[in-house]
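Please look over the fold as a whole before turning to single residues.

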Amino acid sequence: MAAGRRETIPRLRLPAVARGATVAVVSPCSYPQAERLAQGLEGLRSLGFEPSVGKHALSKANRYFAGSATERLSDLHGAFLDPEVRAIFCSRGGYGSNYLLEGLDLDLIRAHPKPLLGYSDLTGIQTWLLDRVGLPAFSAPMVAADFRSPEGVDRASLSAALSGERWILGPEAGLRVLRPGRAQGELYGGCLTLLAAALGTPYAPQSEGKLLFVEDLAVKPYQVDRLLRQMILAGKFDGVVGIVFGEMMDCLTPEQDPRILDETILRVLERVEGPIGIGLRSGHVSHGNVTLAFGMQAELNLEREPKLAFLEPATEN
C-alpha cells in the first residue's frame, strides 16, 4: 500500500436528475464574466434545467476569486443543503478551490449527496469528496465555459450521467489508441496539474489501482513528462490498470511534430501496465465536452475500435 493511502470509502448513491429539475450554479474558484454566465444559463435552460445562481457566483475578491473562501463555501454548502436543488454545476474553473478544502463540511455533504459537475480547478474538491465521502465526481461541462456555446456540450453523455443510464464513448468523442489492451476498474482522475499539485498534502488523490483519466490544457510535452513523473514517484500510478488522456488541447506548438506528445507519454509510462488511450474530449476541450463519472466501474477497450464503457449508471432512478 502506498504511503498515506486511505481506506476505501463506500460510494454514495445519487438520485437521477430529471428534465425540469432545479440545479444550482456556483463559483468555487474564479469569478466568471457576467455575460458568459448569462449565456451559459440560457444553455442550461435549453436542456430543460432550471438554474438557481449562487449569491456569490459573480462576486470578486483578491482580483481573481469569486468572493472570499467563506462566501464560496457558503454557496457550495447551501447548494448541497437546498432540498430543491438536484445537481450542482460550476460556473468555471480558474483558481481558488484549494482555499475551500479545509472548510468543506464532509458530514453535511455526506448527508445531502448530489452530483457536483465541473473540471479544471474543481479537481481537488471532487477527488477529495470522492475519497473521503464517496461522492461520485463528474468531469462535466461548466456553465460560463461550455454551456455558453451551442457546440460546447456533449448532450448525450451529460443526459446519460444524470438520468441513470449507462453510456459508451468512442472515436466520436475523440478517443484513440496509444497502447492497445483492455482493462476494467473504477474510473478516477481529473486535471493532471491539479492532481500533481495536491501531492504531499492531506488532499492527495487516491489514484492507486484505478482506471485513470487525466487531462490538461497548454502544458508542453516536457511539462506533461514532469507531471507524470511526479505522480509516478509519489506512487500514484501503483496498480493503475489503464489510462485515458483527454484532448490535451494546446499542448503542442504549431511547429512541433504532432507525434511528440504521444511518444513522450508512452516513454514516461512504459513501466505502467495496461492500455493507454488519448483524445477523449472531457475537461479542457475544443468543443463537445463529454461527461465522465469518477467513482464508477468502467471498461477501457483499446483492442479494436477504441471504447470507454460505463458498466453502471452514475445516478439512480
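## Basis of the report

This is a predicted model, in which local features need pLDDT of at least 70 and side-chain atom pairs count only at pLDDT 80 or more, while totals for chains, interfaces and linings use all residues. Residues are numbered from 1 along each chain as its sequence is written, and side-chain values use heavy atoms, with hydrogens and water left out.

## Overall fold

The protein has nine helices and 14 strands, where helices (H or I, at least four residues) and strands (E, at least two) are DSSP runs numbered from the N terminus. Its radius of gyration is 18 Å, close to the 20 Å that the globule rule gives for 317 residues, so the protein is as compact as a globular protein of that length; the radius is taken over C-alpha atoms, and the rule is 2.2 Å times the number of residues to the power 0.38.

Buried residues make up 57% of the 317 residues, with buried meaning under 20% relative accessible area, exposed over 50% and partly exposed in between (1.4 Å probe, protein chains only). Of the contacts with a separation of 6 or more, 80% are between residues 24 or more positions apart, a contact being heavy atoms within 4.5 Å.

## Two buried positions

Asp262 lies in helix H9 (residues 259–268) and is buried, with a relative accessible area of 15%. Its side chain is joined to that of Arg176 by a polar contact of 2.9 Å, a term for a pair of N or O atoms within 3.5 Å of which, within protein, one must be able to donate a hydrogen and the other to accept it, and for which residues adjacent in sequence count only if both atoms are side-chain atoms. Leaving aside neighbours within four places in sequence, Asp262 is in contact with Arg176, Leu178 and Ile278.

Leu302, in the loop between strand S13 (297–301) and strand S14 (307–310), is buried at 1% relative accessibility. Beyond its neighbours within four places in sequence, the contacts of Leu302 include Leu175, Val177, Pro275 and Ile276.

## Positive phi in two loops

Most residues other than glycine have a negative phi. Asn62, however, has a positive phi of about 55°; Asn62 is found in the loop between strand S2 (50–53) and helix H2 (69–81) and is exposed, with a relative accessible area of 58%.

Ser120 also has a positive phi, near 60°, and lies in the loop between strand S4 (116–118) and helix H4 (123–132). Ser120 is buried, with a relative accessible area of 11%.
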